[in-house]
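Please open the structure in your viewer and keep the selection tool at hand. The tour below moves from one stop to the next.

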Amino acid sequence: MFDIENFDLKLNTEFIGRNFIYIEEIDSTNTFLLDRQNKIEISGTVVLAEKQTKGRGRKDRVWYSTKEQNLTFSILLLKDYRLFNHLNLINFSASLAVANSIENLYQLKTELKWPNDVLINKKKTCGILLESSSLGNKIDRVVVGIGVNVNQSMFQGQFNYPPTSIRIELGREVEREKLLAEILNNFEFYLSKIPTETEYITREWKERCRMIGEKIYVKEGELIKNGIFDDIDNEGFLLLRTKDGIEKITIGDVSIV
Ligand code: BTN
């Protein structure tokens, strides 16, 4: 059981998580917050579900997470147009928030994988799915969905990338309330940097990405591109050095050759 009072005591934010919705079971926390019919109109609202029946990952993949073991939650951002010009950097802020929280609380070394996975010992412990919806031609609603493998002790089935959890890497269970509060505290901090200091986010992100300079391939559907992971641009896109020059990559799965 998630102890909301304990979580609340550790939450140190102005708006992220101040409206907190705890749900036992739902299809997907992202779907819930994206759906205007649910009438959630407070920016910073966080929805945490103990179980998702249709948890979604990037590229229509399924996000599997054992009931009550992990953190599967979404954060709603509303009409914050200074942020919405930088959707990739919102993604980066979320992955930085998770990585920093894991390092600070448990002294586990983390690594970031473009565009937004958090790895421990080369295995995936967190995935992020950012989705948005528009009124007219303007994005007015952004949902940042975060799945962190926290206390799950084993993973069965086929995964696009080998999974792990904090518990597996640390050798003990951890307190989800403290971790969620720390992630939200950090997320609000990184978000506050986006409007005026985009390079702060990209610099921090690059420091945690160990693939830069490596030979990689990027897979997008059937298309595979080879090259060197040259850099990340100011907006968080991957710059791939190929024989024809630098190519900006906006979407895809990255692997080391
Ligand atoms: C990925 O790595 O492909 C992204 C996974 C994102 C999973 C989270 S869990 C909470 C939120 N609700 C969803 O349906 N998906 C995200």
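Predicted model: local features only at pLDDT ≥ 70, side-chain atom pairs only at ≥ 80, totals over all residues.

Residues are numbered from 1 along each chain as its sequence is written, and side-chain values use heavy atoms, with hydrogens and water left out.

Select residues 176-193 to begin, which form helix α6; helices (H or I, at least four residues) and strands (E, at least two) are DSSP runs, numbered from the N terminus. Of the 18 residues in α6, 14 are buried, where buried means under 20% relative accessible area, exposed over 50%, and partly exposed in between (1.4 Å probe, protein chains only).

Within α6, pick E188, which is buried at a relative accessible area of 13%. Leaving aside residues up to four places away in sequence, E188 touches T13, E14, F15 and I16, contact meaning heavy atoms within 4.5 Å.

Now select P115, in the loop between β4 and β5, where a cis peptide bond with omega of about 5° joins W114 and P115.

Finish in the loop between β2 and β3, where K59 is found and where E68 also has its place. K59 has a positive phi of about 55°, and E68 has one of about 65°, although most residues other than glycine have a negative phi.

Definitions and conventions: Expected span 1.5 Å × (residues − 1).
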